[in-house]
Amino acid sequence: MSLGFEASSAPSAQVAYLRTLPAIRDRCSRVHDLATRGKLEYFDYHPEKEAEVVDFCCEIIKRDFGTDYDKAWHTFLGPRSSDLTLGTRRPRVQPLIDSWRASTPAPSDLEIAKRLIDLFLVSVLLDAGAGNQWKYTEKDTGDSFARSEGLAVASLDMFLQGFFSSDPAEPFKVDGESKTMIPAAGLGKITTENVSTAMQVSATNPMSGIEGRTGLLSNLAEALQSQPEYFGDCARPGAMLDFLKSQSRVENGRTKFHVSALFGLLIEGLSSIWPSGRSNLGGVALGDVWPCAALAQNPKRKEFSIPENVKFSPSAKVKSATAVGNDLVPFHKLTQWITYSLVEPIEKVLGWEVEGLQDMTGLPEYRNGGLLVDFGVLELRHATVSSYHTGSSNVPKLPPSHPAIIEWRAMTVIELIADGIRKKLGYPLKLAQVLESATWKGGREIAKRKRPDTGGPPIEIESD
């Protein structure tokens, strides 16, 4: 099946553009340009303080890896699997792979990669702001984890228990079997109640957004079932490897494909799962794309490139953006996060090569963004959000659609900190290495220092 954005099938060139990786960097760069001119509405930008962030992150890398910077890319420490190691006190993914390979009969590398894709996809979808009160206690060790680390460990436990599988004989998979089955199976059996139980949610251990998480998983079941061209007749995320194989080429005995094929598959294949009420253009729901008031007040006509025949080809012809939607900023955070995470098993287990990873951007999430706020690179004008403060807290809690959140996220995507880290270390760290080994970890550590009671970010985002 073609993944084309042909003129005959695209709702508009703007919609097509907003679903590409280059659009993320382009629109966020425009916001950054406004910041340098003091034209943001909610933040003051202090680039002179970026050096402090760079120094802080470099010290973390040196503390954890010495000068052997290659180790900042541990086996299976991608943006999702890092949550299953960093902050959770022990490796979890590699030992799991080792146990599968030691089992009888041992699964093939292809099946191992499919299992990891299944796990990482649902794990990322379950990871939204859990709030400051919720914790997950690991039964085997008694250790407790909060926020992303707790959500990662909880989702791994659920996966290992066969929570997402329709077949008790094959627990290590995720599939979208229908709720109409008797009894309901796979993702079809997901309810708010059983997800709450599995994640230890209670009146004394409340979690923000539990209904939203359940909704995403239910929507995922329908997306998997309705798109066999991507997810196979088995309605399984890992079956996307068969589709990606069809988009690949073999060169010197190695299977290769461009990252836009994976990102585009996820954009298309998961487009129906996201919450309603977000931005749409021409009647098309855009997902994690939001209007930015600062861009609306400072319009600029942009040129952009999209593929003409094959949607996710690295080559493209130039088309012009229309004025409609020029204030929209795409982030596609979860889609990028999933992409980063799925690259790991594809490359490390299968030995395939994913090209074009330089098109990926920083992840606009609260750890990376919190790092910039906590060091004063971004200074929130608190008077502009004074009604969102609760009690005596100096931490505002804003809905994801609030224009202050859009500005904050857009400034988080810019990779200036990554460039500074590379220059200071004299080493060409990949962006994913910087994210997992420096900025994400740095955001977590500085938050704990500044807000030891919660370890939360300097700005809270409500779950939707």
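**Exposure, cavities and ring pairs in a predicted model**

Asn252 is exposed, with a relative accessible area of 80%; with a 1.4 Å probe and protein chains only, exposed means over 50% relative accessible area, buried means under 20%, and partly exposed lies in between. The structure is a predicted model, in which local features need a pLDDT of at least 70 and side-chain atom pairs count only at pLDDT 80 or more, whereas totals for chains, interfaces and linings use all residues. Residues are numbered from 1 along each chain as its sequence is written, and side-chain values use heavy atoms, with hydrogens and water left out.

Asn252 lies in the loop between strand E4 (249-251) and E5; helices (H or I, at least four residues) and strands (E, at least two) are DSSP runs, numbered from the N terminus. The phi angle of Asn252 is near 55°, a positive value in a residue other than glycine. A positive phi, near 50°, also occurs at Ala235, again a residue other than glycine. Ala235 is placed in the loop between helix H9 (228-231) and helix H10 (240-246). With a relative accessible area of 7%, Ala235 counts as buried.

The confidence of the prediction is expressed by pLDDT, which runs from 0 to 100 for each residue. Its average over the protein is 85, and 86% of the residues score at least 70. Over residues 302-322, the pLDDT is below 50, and the model gives this stretch 59 contacts beyond near neighbours in sequence; a contact means heavy atoms within 4.5 Å. Where pLDDT is low, the predicted coordinates should not be read in detail.

The secondary structure comprises 17 helices and 15 strands. Of the 464 residues of the protein, 56% are buried. Among contacts between residues at least 6 apart in sequence, 74% join residues at least 24 apart. One further backbone feature is a cis peptide bond from Thr104 to Pro105, with omega near -5°. Pro105 belongs to the loop between helix H4 (93-102) and helix H5 (109-125).

A cavity is a set of points, on a 1 Å grid over the protein atoms alone, where a 1.4 Å probe fits but cannot get out; lining residues have an atom within 4 Å of a point. Grid points are joined across faces, edges and corners, and a volume is the space filled by probe spheres set on the points. Three cavities of 30 Å³ or more are found in the whole structure. The largest cavity holds about 150 Å³ of space. Its lining consists of 15 residues, of which Asn368, Thr412, Ile414, Ile417 and Thr439 lie nearest the centre. Two or more lining residues come from each of helix H14 (366-374), helix H15 (403-413), helix H16 (416-425) and helix H17 (431-450). H17 contributes the most, with four residues. Ten nonpolar, four polar and one charged residues make up this lining, where Ala, Val, Leu, Ile, Met, Phe, Trp, Tyr, Cys and Pro count as nonpolar, Asp, Glu, Lys and Arg as charged, and the others, Gly among them, as polar. H15 is mostly covered, since ten of its eleven residues are buried; Trp408, Met411 and Thr412 are among them.

The second largest cavity has a volume of about 50 Å³. Among its lining residues are His32, Tyr45, Glu50, Met411, Ile414 and Ile417. By class, this lining has seven nonpolar, one polar and one charged residues.

A pair of aromatic rings is described by the distance of the centres and the angle of the planes. Rings of Phe, Tyr and Trp (its six-membered ring) pair if their centres lie within 6.5 Å; planes under 30 degrees apart count as stacked, over 60 as edge-to-face and the rest as tilted. Nine aromatic pairs are counted by this rule. Phe163 and Phe164 form an edge-to-face pair, at 5.3 Å centre to centre and 80° between the planes; both residues are buried. Phe257 and Trp352 are likewise edge-to-face, at 6.3 Å and 90°. This pair links distant parts of the chain, 95 residues apart: Phe257 is in strand E5 (residues 254-258), and Trp352 is in the loop between helix H13 (333-348) and strand E12 (353-355). Phe257 and Trp352 are both buried. Trp100, Phe159 and Phe172 are linked by ring pairs into a cluster.

Lys173 occupies the loop between helix H6 (147-160) and helix H7 (192-198). Its relative accessible area is 15%, so Lys173 is buried. Apart from residues up to four places away in sequence, Lys173 touches residues including Asp118, Phe159, Phe164 and Arg236. Lys173 and Asp118 are 55 residues apart along the chain, and their C-alpha atoms are separated by 6.0 Å.

Definitions and conventions: On a 1 Å grid over the protein atoms alone, a cavity is a set of points where a 1.4 Å probe fits but cannot get out, and a pocket is an open set with protein on both sides within 12 Å along at least five of seven lines; lining residues have an atom within 4 Å of a point.
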